[in-house]
Amino acid sequence: MLKIRLSVLALTLVGLAATFLTGCSSTPADPTAAWAPEKIYSEARDEVNAGAWDRAAMLFDKLEGRAAGTPLAQQAQIEKAYAQYRATEKVQAIATLDRFLKLHPASPAVDYALYLKGLVNFNDNLGLFSFITKQDLSERDQKAAKDSFESFKELITRFPDSKYSPDARQRMTYIVNSLASYEVHVARYYYSKGAYVAAVNRAQLAITDYPGVPAIKEALEILIKSYDALGMQNLKEDAQRVLDKNFPTPPTPVNQKSGSWWKFW
């Protein structure tokens, strides 16, 4: 009787184990398994047109593997990066673009890949309005903006005649102006807190790293006020001379009521 009960128990355990293993090994069927690469591409483009970026990225990823070693795989890879960018998957998009640039350095789409890499890291406000959230401006990270600038710079250096270069140049100008304004914004913040040495350091950084941009005028003014607060008269006068030379005060206009005029001889 005991042997019979043990045999029944053993059979039951084997059956349960088989059921468990079967359940674990079952995975959802891949609906694209029987699709030709061209059909996957067509479906991915339909998802792009519908704005379903996550779904499009997934299909381009499948196509990249299914059509490996063909021009279609390269197309899938670059379009996957764009879909990831639009889906706000920035880390994944950058990784896809870096892989594309490494695997296909001679591809005719390299200029577009560099441009797209710049776009992924590009941010219209670049953190300049973080004071709205009361976050210490000194904690803001401008790495993405600088990475964006470097991608655009590589694009216009290697492909000056690319159709993407004119827009890249405009974005580079915007980035430089914004980064300089950011440094001045931080310098102003430190000055308002009485941290004059820190204000001097950030103002000097703006002047040194971003010469010729409009924000330099305010950087010099903050420098002058900070040196004055620190009692550094010689440095204050040096900064004042630089300010006067680069941003001279315009002459007072003619006083029409008194009939006076300026003489320049």
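1. The protein chain holds 11 helices and 0 strands, where helices (H or I, at least four residues) and strands (E, at least two) are DSSP runs numbered from the N terminus. Read along the sequence, the pattern is α-α-α-α-α-α-α-α-α-α-α. The model is a predicted one, in which local features need pLDDT of at least 70 and side-chain atom pairs count only at pLDDT 80 or more, while totals for chains, interfaces and linings use all residues. Residues are numbered from 1 along each chain as its sequence is written, and side-chain values use heavy atoms, with hydrogens and water left out.

2. On the chain as a whole, buried residues account for 34% of the 265 residues; buried means under 20% relative accessible area, exposed means over 50%, and partly exposed lies in between (1.4 Å probe, protein chains only). Among contacts between residues at least 6 apart in sequence, 53% join residues at least 24 apart, contact being defined as heavy atoms within 4.5 Å.

3. Helix 4 (residues 71–86) includes Gln 77, a residue that counts as buried because its relative accessibility is 2%. The side chain of Gln 77 makes a polar contact of 3.4 Å with the side chain of His 104. A polar contact is a pair of N or O atoms within 3.5 Å; within protein, one must be able to donate a hydrogen and the other to accept it, and residues adjacent in sequence count only if both atoms are side-chain atoms. When neighbours within four places in sequence are left aside, Gln 77 is in contact with Glu 64, Thr 96, Arg 99, Phe 100, Leu 103 and His 104.

4. Lys 80 is found in helix 4 as well, and its relative accessibility of 4% is why this lysine counts as buried. Its side chain is joined to that of Glu 64 by a polar contact of 2.8 Å. Apart from neighbours within four places in sequence, the residues in contact with Lys 80 are Ala 57, Phe 60, Asp 61, Glu 64, Thr 96 and Arg 99. Lys 80 and Ala 44 are 36 residues apart along the chain, and their C-alpha atoms are separated by 9.3 Å.

5. With a relative accessibility of 3%, Thr 96 counts as buried, and, not counting residues up to four places away in sequence, Thr 96 touches Gln 77, Lys 80, Ala 81 and Gln 84.

6. The loop between helix 4 and helix 5 contains Thr 88, and a reader checking the backbone may wish to note that Thr 88 has a positive phi of about 60 degrees although it is not a glycine. Thr 88 is exposed, with a relative accessible area of 64%.

7. Helix 2 (residues 37–49) packs with helix 4 at an angle of about 20 degrees, their axes being 12 Å apart. Here axes are lines fitted to C-alpha atoms, for helices over the stretch in contact, and angles run from 0 to 180 degrees between N-to-C directions. The two helices, helix 2 and helix 4, are therefore roughly parallel to each other; angles under 35 degrees count as roughly parallel, over 145 as roughly antiparallel, 65 to 115 as roughly perpendicular and the rest as oblique. The crossing of helix 2 and helix 4 is left-handed, a term used if the near helix is turned anticlockwise from the far one by less than a right angle, and right-handed if clockwise. Pro 37, Tyr 41 and Arg 45 of helix 2 make this contact with Leu 72, Gln 75 and Glu 79 of helix 4. By class, there are 3 nonpolar, 1 polar and 2 charged residues in the contact of helix 2 with helix 4, where Ala, Val, Leu, Ile, Met, Phe, Trp, Tyr, Cys and Pro count as nonpolar, Asp, Glu, Lys and Arg as charged, and the others, Gly among them, as polar.

8. Helix 9 (residues 196–209) and helix 10 (residues 216–230) pack at an angle of about 150 degrees, with axes 9 Å apart, and are therefore roughly antiparallel to each other. Their contact includes Val 200 and Ala 203 of helix 9 and Leu 220 and Leu 223 of helix 10. By class, the contact of helix 9 with helix 10 has 15 nonpolar, 2 polar and no charged residues. The crossing of helix 9 and helix 10 is left-handed.

9. Val 186 has its place in helix 8 (residues 165–192) and is buried, with a relative accessible area of 0%. The C-alpha atoms of Val 186 and Arg 202, which are 16 residues apart along the chain, are separated by 6.8 Å.
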